[in-house]
Amino acid sequence: MSDTIARLAVVGAGTMGRGIAQVAAQAGLEVALWDLSGEARGRARRELEASLGAAVTRGKLSAVERDAALARLAFPETRGEAVRQADLVVEAVVEDLALKQRLFAELEREAPARAILASNTSSLPLGKIAAGLARPGQVLGMHFFNPVPAMALVELVVHAGTDDATREAALAVTARLGKTPIVVKDSPGFATSRLGIVLGLEAMRMLEQGVASAEDIDRAMELGYRHPMGPLKLTDLVGLDVRLAIADFLFTELGGDQYRAPELLRRKVAAGELGKKTGRGFHSWNEVAAKKSS
C-alpha cells in the first residue's frame with residue numbers, strides 16, 4: 001500500500017521531474033531530486049521554491065505547508081545518494097529507449113532491492129525498458145502530465161511482467177499524490193499519447209492546409225469540446241520536438257497516416273521553433289506573456 005512508499009527519488013530535474021517532486025513533497029513524501037547537471041539541480045531548487053511560493057500567494061497552500069514541503073525536498077549531488085533509500089524511483093529523462101534501458105540497469109543496482117522503478121515515458125515500451133533486469137516485476141510506467149501540480153491524471157502502464165504488488169503500490173501512491181490513475185496495457189503510445197497525437201497532428205494538417213488559424217483551431221476544441229487547452233497550444237507546451245519524436249515512433253510501430261508527422265511540424269522543429277521553451281511554436285509565447293502582463 002501507499003504507506004510502504006515514504007521516500008521518492010526523481011531522476012531528471014526538468015519540467016516533469018520538478019513537477020513530480022513538488023506534488024510528492026506536498027503529499028508528505030521525502031523526495032530526492034537528482035540531475036546529472038549541477039546547473040539543472042540549482043535551477044530546480046529555485047523554481048520549486050518559486051512554485052510553492054506562488055501556491056501560497058494563490059491560496060492553494062499555507063506558508064506552513066510550503067515550508068514543510070520545502071523541508072522534504074533534497075537535491076543530492078550524486079544519483080547513488082538520491083536513490084539509496086528510495087522506495088520508489090521515477091525516471092523523467094529524455095525519450096530515448098537505449099538511454100532509459102542503461103539507466104534502469106544502473107538504478108536497479110543503486111536502489112534498494114524493494115524499490116519500484118517507474119518511468120514517466122509517454123510512449124516508449126515498458127517491457128523493453130525492463131528487459132534484462134533482475135527484477136522486471138518491479139518496473140512500470142507512471143506517466144504524469146504537464147503541469148504536474150495542476151493535472152489530475154496519472155497513466156499507469158503495466159507490461160506483461162509487472163507484478164500485482166507493484167501495480168497496487170503504484171495505484172495507492174498515485175492516490176496519495178492527489179491524482180486519479182488509469183491502468184493501461186503496455187502498447188505503443190499507451191492510451192493518452194495515442195489519442196492525443198492523432199488530434200494534435202490533425203490540427204497541424206488543418207493549419208498547414210489553411211483551414212483556420214492556430215488560434216481558431218485551438219478555440220474550436222476549447223469552446224466546442226470543452227478541452228482546457230487546444231491541441232496546438234498543448235503541442236507548444238509539450239514541445240514540438242517531443243511531439244515529433246512520439247509521432248515518428250507511433251508511425252514506425254503502428255503505421256497509418258494518422259500518425260504521419262506533417263511537414264509543417266518537421267520544418268518548425270528544424271527551425272528551432274519548439275514551443276513555449278523557445279518562445280515560439282504554433283503560437284508566439286512572448287506575445288502571450290506580454291498580453292498577460294499588460
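Reader: Which strand does leucine 156 lie in?
Author: Happy to start there. This is a predicted model, where local features need pLDDT of at least 70, side-chain atom pairs count only at pLDDT 80 or more, and totals for chains, interfaces and linings use all residues. Residues are numbered from 1 along each chain as its sequence is written, and side-chain values use heavy atoms, leaving out hydrogens and water. With strands taken as DSSP runs (E, at least two residues) and numbered from the N terminus, leucine 156 belongs to residues 153-158, strand β7.

Reader: Is leucine 156 buried or exposed?
Author: Buried means under 20% relative accessible area, exposed over 50%, and partly exposed in between (1.4 Å probe, protein chains only). Leucine 156 has a relative accessible area of 1%, so it is buried.

Reader: What order do the strands of the open sheet have?
Author: Strands count as paired if DSSP finds at least two bridges between them. The open sheet has eight strands with mixed pairing, in the order β3-β2-β1-β4-β5-β6-β7-β8.

Reader: Why is one side of β3 and of β8 left without a neighbour in the sheet?
Author: Both β3 (73-74) and β8 (180-185) stand at the edges. One side of each is left without a neighbour because each has a single partner strand.

Reader: Which residue's side chain does a polar contact join to that of arginine 79?
Author: A polar contact is a pair of N or O atoms within 3.5 Å; within protein, one must be able to donate a hydrogen and the other to accept it, and residues adjacent in sequence count only if both atoms are side-chain atoms. Here the contact is 2.8 Å, and the partner is glutamate 110.

Conventions:
Helix = DSSP H or I, 4+ residues; strand = E, 2+ residues; numbered from the N terminus.
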